[in-house]
Amino acid sequence: QVQLVESGGGLVQPGGSLNLSCAASGFSVKENVMNWYRQPPGRRREWVATLFSNQIATYTNSVKGRFTISRDDTKNMVYLQMNSLDFEDTAVYYCQRPSTQLWGQGTQVTVSL
């Protein structure tokens, strides 16, 4: 079965860190471009980061220097390490395989005191 399953979200205080995971099945992440998106409350889904098959990564400006996208080819997983979290990072985070518009179900990240 071809699917993506995100995990690792939760409640964190400002300045804290979370590491999101995306488990892929039915295809190889190392052979694909993989994205992370997020949807803040009441807003449209927005792109966060991309990891190309050659492991080059790109980020939206608001997360540069704070977030890191990576993958583990042996586990067929993609990660999003998020540091220095701020209130504006509160969102549902989604993993995506753009070549087939495959999305996971999302994982909630809430940054709050």
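Me: Which residues does the disulfide join?

Reply: A disulfide is taken here as a pair of cysteine sulfur atoms within 2.5 Å. In this predicted model, a disulfide joins Cys 22 to Cys 95, with an S to S distance of 2.2 Å. The pair links distant parts of the chain: Cys 22 lies in strand 3 and Cys 95 in strand 9, 73 residues apart. Strands (E, at least two residues) are DSSP runs, numbered from the N terminus. A search of the whole structure finds 1 disulfide.

Me: Is the disulfide left-handed or right-handed, and why?

Reply: The torsion about the S-S bond of Cys 22 and Cys 95 is about -80°, so the disulfide is left-handed.

Me: Are Cys 22 and Cys 95 buried or exposed?

Reply: Buried means under 20% relative accessible area, exposed over 50%, and partly exposed in between (1.4 Å probe, protein chains only). Cys 22 is buried because its relative accessible area is 0%. Cys 95 is likewise buried, with a relative accessible area of 0%.

Me: What are the surroundings of Ser 21?

Reply: Contact means heavy atoms within 4.5 Å. Ser 21 belongs to strand 3, residues 18-25. Not counting residues up to four places away in sequence, Ser 21 touches Val 5, Glu 6, Ser 7, Trp 36, Met 77, Val 78 and Tyr 79. Ser 21 counts as buried because its relative accessibility is 13%.

Me: How many residues has the largest nonpolar core?

Reply: A nonpolar core is a set of buried Ala, Val, Leu, Ile, Met, Phe, Trp, Tyr and Cys residues joined through side-chain atoms within 4.5 Å. The largest one has 27 residues, and Trp 36, Leu 80, Met 82 and Tyr 93 have the most contacts inside it. At least two residues of this core come from each of several strands, among them strand 4 (34-39), strand 5 (46-51) and strand 11 (107-111). Strand 3 gives the most, with 4 residues. As for Tyr 93, its contacts beyond four places in sequence include Trp 36, Leu 80 and Met 82.

Me: How many salt bridges does a search of the whole structure find?

Reply: Side chains of opposite charge can pair when their charged atoms come close. A salt bridge is a side-chain nitrogen of Lys or Arg within 4 Å of a carboxyl oxygen of Asp or Glu. The search finds 5 salt bridges. One of them pairs Asp 89 with Arg 66 at 2.8 Å, N to O. This pair links distant parts of the chain, 23 residues apart: Asp 89 is in the loop between strand 8 (77-82) and strand 9 (91-97), and Arg 66 in the loop between strand 6 (57-59) and strand 7 (67-72). Asp 89 is buried at 2% relative accessible area, and Arg 66 is buried at 17%.

Me: Which residues form a salt bridge with Glu 46?

Reply: Arg 38 does, its closest N and O atoms being 2.7 Å apart from those of Glu 46, and Arg 43 does, with 3.2 Å between the closest N and O atoms. Arg 38 is buried at 3% relative accessible area, whereas Arg 43 is partly exposed at 47%. Glu 46 is partly exposed at 22%. Arg 38, Arg 43, Glu 46, Arg 66 and Asp 89 are linked in a network of salt bridges.

Definitions and conventions. Residues are numbered from 1 along each chain as its sequence is written. This is a predicted model: local features need pLDDT of at least 70, side-chain atom pairs count only at pLDDT 80 or more; totals for chains, interfaces and linings use all residues. Side-chain values use heavy atoms; hydrogens and water are left out.
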